[in-house]
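These are my notebook entries on a structure that I looked up. I record below what I searched for and what I found.

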Amino acid sequence: MAATIIGGLLQGGVFALLALGFALVYRVTGVVNLCQGAFCVLGALSMYTLEQTLGWPAALAATGAVVLTTLFGALLGLATFVPALNRLPNSSMLMLTAGLLTLVEGLVLIFWGSQPFNLPAFSGEAPVQIFGLRVATQAFWIVGVVAVVVCLLWYLLTRTMIGKQLRACAENPMAARLMGINVTLMSTLSFSLAAMIGAIGGIVLAPITSLQFDSGTFFTISGFIAVAIGGMGSFVGAIVGGLILGVAEQFAAGYISSLFSNGIAVILLLVALMFRPNGLFGVGGSRRVDVRDEQQVHLGIVRIQNGPAVTLSTAIVLLLAVLPWTGWFDSILPSLIITGILFIGVLGLDVLMGFAGQVSLGQGAFMAIGGYAAAILAVQYDWPPLMGVLAGIVLSLACSMGLSLVTMRLRGIYLALATLAFAMLVDSLITGWMDLTGGPSGLVGIPALSVGGYDFATPFSMYYLVLALGVVLVLLLTGLMRSSFGRALKAIRADQLAAAALDINIGRYKMAAFAISAVFASISGSLFAFNFHYLAPDMVGIPRSLEMVTMLVVGGEGMLVGPLVGVALLTLLPEVFQPLALYKTLAEGILLVMTFQYCPAGLAGLTIKQLHDVFEWFAARKHISPRITQEDLR
Amino acid sequence: MIGPALVVANISKRFGGVTAISDVSFEVPRGCLTALIGPNGAGKTTLFNLVTNLFPWTSGDILFNGASLKGSSSRQIAALGLTRTFQTARVFPRMTVLENVLVGGHRHVRSHPIAQALWLPSARRDEMQLQARAEEFLELAGLTRYCHEPATDLPMGSQKMLEVVRALMTTPQLLLLDEPAAGLNDSETAELAALLCAIRDCGVTIMLVEHNMSLVMSIADQVIVLDVGCIIASGNPKEIRRDSRVIAAYMGNDGGQTCA
């Protein structure tokens, strides 16, 4: 009992540090920085290299690791995060930080590989006896370091000029800028400080927990849950939330099952969101609502005229239909099928993100539900595959409805985080529920999809099935998006208050968009299972969710053709460049960040715009005499 | 229906210790254009936001067509036929002018989303009718040539007009306009005045908050003057122009000169 509490407080202390990092960046920039957890891993692994490989003394190695991580954080912030602050709306900033998380994880993967790392305890492994309890010496380090960091941060924020400036940026960046405060510097500073806090947390925790390249996601989610429980932007809340979360997780792991230690965190989060949306120590006041305050990106409108759109899409479909017959693509036919299957999932995400403007970081969870429902029913209960697909759809619908009901009253960003937490819950359930799902090693022996006695057993038949399904779904969505339903979604994305004033039921539309995205993901997950005859948690885990977001953004959101471009690019390119597979994660992170930076309309949007400009130019040339054109060119 | 469209009865609003609106009562007669004027900080926009329930009032009641609006959400109020515009034009970015107006007609769409997804003829017919009406309104406001432009590319004056047209597409019984002429030049203001008169003549009751005196005086049927949260005068434009309290509120107490 006491040991559990102590263990919980230790874990909680580190969560509290992470939560402080979140709170700091959120207070100064108004953005939830999902990259936070990655700095933990980066800090701990840098220390490992400095101490174990280069043989530096522990204290020097720790200092070096913190300095390196902070510098890296500052550079990363200055190059990506801070310049984007003025241009991107909050929901895109959230995805940008998710991209940064992927980017850092990709870097760690390249430098340190995928094996887990463990640091030796700072003061030896022998535990100390206190009141009959054996306590690891590392515990004192954790408690001490957390206390020191908290005190220093409190001093910095409340007792120094820099603290005043940081807080001014939080309250009103525009006014702060007019007062002569360097908002860019302050944003960078908060981002680097958060990186530093993250690195310190990672370093003190590493001796009692093993870390690997993708542990960052776990830390990010835990830190976020802690800060959401405590109250977004409240420092006291961050600490209390972290401790509560740590103790709750240890109790769940100790008394129920380690399977549910992630689950309990998510349940705590959902309960907190439901009953105290502002958290225990939340700072929420009424603000003026009739004046628009969210930054809007003026992308212009990228759209193809009806005529060319029909021609173009018919051409694409015909091309895809004859492709397998040429025989040239046999080697990449499996990749083409995967492209098609993922396209369906990302298409659903496009409805939710591109049209309704709601970010989901848990699309993979619905793929998992669809995939595992169909697979388990087929393997263990001998259901016909189609019924399994239907069961997956129903289950996904139910989950999406439940999640929407919980998050409906909350501001946009919370849906994204609730979906991330939900993805984590699903992930821990399928990993832990060994008898049903086969655990981490996956579920084998899934039959081929069969409809009315016909088995889609060959890649050839599967290809046409996916193609046909893709075409049908695109047609349905086209009908929906060009009518009042699609316009209502776009209006909600653009301006909720104005949409509500025009009698648009925002809650219902968001729910519908979320349901559509869940159903599409579920179908895509089922197809995944039947295509590979095998399903493992990492095929539909959180990295998959983030990858789908990347595909959508890189391809171009808000257009139905965008997902096709994004999925094809990120699925087929790694196939062609097999030897570079190690760099895939890093490349995805960089692509996402660069797209936000340089081409917010996505590749499809950019292409259409360029083509449009070329046509305009040709059209203009026809009407102008050659002499004048030549003059113009000079 | 008989009786006034909107009744505001003894409404008060306090923000902490500040009384923004104190014990205000007035009626908006059906089919008329009522203007709410007053110096900066008089509480005009606050009053507007109370009517559309962007925040709850402290005491009193607001009745629309005889029914209280207490506790209704912005959307429910819109569903009753009371549509508002905003002080800063809030056209939907990333949508064309025509699409913006079509969104306004949202509540009249009868076809189910499933019918829309299946491209059923009924849904397409619905869409065509909506589009025809939208084009008619755009014509009325003189915005037809911008039809397929992105709404945010329009000059400010046209954006304001667009917002009025969009609100009109909901077929409101009462149109609440928050400073429609703010940021407009003289010719744009004249176009707006013509549009508002045309709308009123179609039988739509209008209430607007406005700073532009010449606009208010030329088109309003009834003027209500608000100063520091209280009504100091109301009546037709002629009466208001002569009212000493109004002059004092605008020119300062010792001014004594006649205002425009």
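Entry 1, salt bridges. I took a salt bridge to be a side-chain nitrogen of Lys or Arg within 4 Å of a carboxyl oxygen of Asp or Glu. My search of the whole structure found 14 salt bridges over all chains. The model is predicted, so I note that local features need pLDDT of at least 70 and side-chain atom pairs count only at pLDDT 80 or more, while totals for chains, interfaces and linings use all residues. Residues are numbered from 1 along each chain as its sequence is written, chains are lettered from A and ligands numbered from 1 in the order in which they are written, and side-chain values use heavy atoms, with hydrogens and water left out.

I looked up Asp503(A) and Arg75(B), whose side chains form a salt bridge at 3.0 Å, N to O. Asp503(A) lies in the loop between helix H20 (496-500) and helix H21 (506-532) of chain A, and Arg75(B) in helix H2 of chain B. Helices (H or I, at least four residues) and strands (E, at least two) are DSSP runs, numbered from the N terminus.

How many residues of chain B are in contact with chain A? I found 41, in contact with 38 residues of chain A; contact means heavy atoms within 4.5 Å. Between chain B and chain A I counted 5 salt bridges. One salt bridge joins the side chains of Arg487(A) and Glu127(B) at 2.6 Å, N to O. The side of chain B that touches chain A has 19 nonpolar, 12 polar and 10 charged residues. Here Ala, Val, Leu, Ile, Met, Phe, Trp, Tyr, Cys and Pro count as nonpolar, Asp, Glu, Lys and Arg as charged, and the others, Gly among them, as polar.

Entry 4, contacts between two helices. In H13(A), residues including Leu342(A) and Met353(A) belong to the contact with H22(A). The residues of this contact divide into 9 nonpolar, 1 polar and 2 charged.
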